[in-house]
Amino acid sequence: MRTQVAIIGSGPAGLLLGQLLYRASIDNVIVDRASKTHILTRIRAGVLEEGTAALLEQAGVDARLKAQNLLHDGFDLVFDNEVHHIDLFGLTGGKRVHVYGQTEMTRDLMDAREAEGLETYYGADDVLPHDFDGDNPRVSFVCDGQSIDIDCDFIAGCDGFHGVSRQSPPAGAMTVMEKTYPFGWLGLMADVPPVSDELIYANHQRGFALCSMRSPTRSRYYIQCPLEDHVEDWSDTRFWDELRRRLPAQIAAKITTAPPLEMSIAPLRSVVSEPMRFGRLFLAGDAAHIVPPTGAKGLNLAASDVHYLFEGLREFYTDRSSAGIDAYSARALHRVWNAERFSWWMTSVMHRFPQMSAFDRRLQQAEFYQLVHSKAASTALAENYVGLPF
Ligand code: FAD
Ligand code: DHB
């Protein structure tokens, strides 16, 4: 089989790239090791920047997003039960964020791909990129017992943090920089109305808590938990009790509970692989970098990578110029590092660290006072949260 761009990974990065390429008449095939059902039952991001929504529009998959998303003009920060509103709209000159589940975005992209009959392999084993240091790269895999090879011009490694693409360049070709955090997030989804119209990020002495949502009838909550914890350690009653304890009484009293649709624990880490290209293999999204979820940046960074990569590939095929693909890594990394800084900062300010000294704690309080009393500080937070331009 032959295509122009072989895409490894059918998460948001791979699917969005595939759709943009298709609309620009650039042939592509997607291969994922997971099943479609597995991908659609993974519950992850919920906050999309306007730039991400604009890319979905460009890809022609924004009908359901436009009809069902929740547009948020701000959110609440809570420190030791003191609530401070961040007016995203006012501070950024009219920008908002869209609350729309990653699962829904993925479904929209999969539906569009299927409607166009574009080649996609799910449940593939032994997916491997080959010969990307030369002009004739190839992706091999096994699907339904059959060995398949895709000859291509380029390989897009969109296979996330645990994928094969980031492991494939020779040792030393990419520098991996990493920071880990001594806690995870325990998430719970339930069909109950959200406790508030906007998101609430809380730093409490018992740990971080986040109140989010997917719709007026579906809530998504997170609490910081020790890294060693397992989901089985947490009954839903224990979760709801702990969540309430970490929120101001007037907010906690309004929480409605129900049996969870899902509970899971995600570790927090910051990782960047540099550069994001090796020969004809390009990394995009979580395959190239991870941010801790506090700033809601992971999915949005995957989208901006895809934007730069798509523009580069389009230039290559339509203008016969390599300038865009040659600039890809540097362009993407510039935005990645800004989001890494912001996500690290928001994580550091909002969580309780196991060995925090009184000094560290006072610094967190000082950060909060800055946000409450300095419009400049709040504006910097708001500009990053709604997403830096790309
Ligand atoms: P993925 O979604 O990981 O997709 C990669 C795909 O590659 C998968 O389908 C996988 O099956 C496939 N794959 C893996 N290995 C192979 C292989 N060897 N061969 C073939 N295929 C393979 N981001 C935000 O922007 N906003 C948020 O609010 C937010 N909240 C989050 C909350 C949580 C709890 C978590 C865990 C993450 C959150 N994120 C958020 C991050 C966001 O979910 C990720 O950044 C996003 O999924 C990245 O998309 P991706 O397509 O790069 O990778
Ligand atoms: C959600 C996840 C985040 O990481 C975040 O910062 C805000 C919302 C969510 O899943 O709804």
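**View 1. Arg214 meets ligand 2.** A polar atom in the side chain of Arg214 sits 2.7 Å from an oxygen atom of ligand 2. Please keep in mind as you look around that this is a predicted model. How much of ligand 2 does the protein cover? On its own, ligand 2 has 300 Å² of accessible area, and the protein covers 96% of that.

**View 2. Tyr201 and Ser212 also reach oxygen atoms of ligand 2.** For Tyr201, an N or O atom of the side chain is 2.7 Å from an oxygen atom of the ligand. For Ser212, the distance from a polar side-chain atom to a ligand oxygen is 2.6 Å.

**View 3. The shell around ligand 2 has 14 residues.** Those that come nearest are Tyr201, Ser212, Arg214, Tyr222 and Pro293. By class, eight residues of the shell are nonpolar, three are polar and three are charged. Which element gives the largest share? That is β15, with three residues.

**View 4. The second largest pocket has a volume of about 270 Å³.** It is lined by 14 residues, and the closest to its centre are Thr103, Glu104, Met189, Arg214 and Arg218.

View 5. The largest share, three residues, belongs to α6. Sorted by class, the lining holds five nonpolar, four polar and five charged residues.

Conventions
Residues numbered from 1 in each chain as written. Chains lettered and ligands numbered in written order. Predicted model: local features only at pLDDT ≥ 70, side-chain atom pairs only at ≥ 80, totals over all residues. Heavy atoms only, no water. Near = heavy atom within 4 Å. Polar contact = N/O pair within 3.5 Å; in protein donor to acceptor, adjacent residues only side chain to side chain. Areas by Shrake-Rupley, 256 points an atom, 1.4 Å probe, with all protein chains shown as cover. Helix = DSSP H or I, 4+ residues; strand = E, 2+ residues; numbered from the N terminus. Nonpolar A, V, L, I, M, F, W, Y, C, P; charged D, E, K, R; others polar. 1 Å grid on protein atoms, 1.4 Å probe; cavity = no way out; pocket = protein on both sides within 12 Å on 5 of 7 lines; lining within 4 Å. Points joined across faces, edges and corners; volume = space filled by probe spheres on them.
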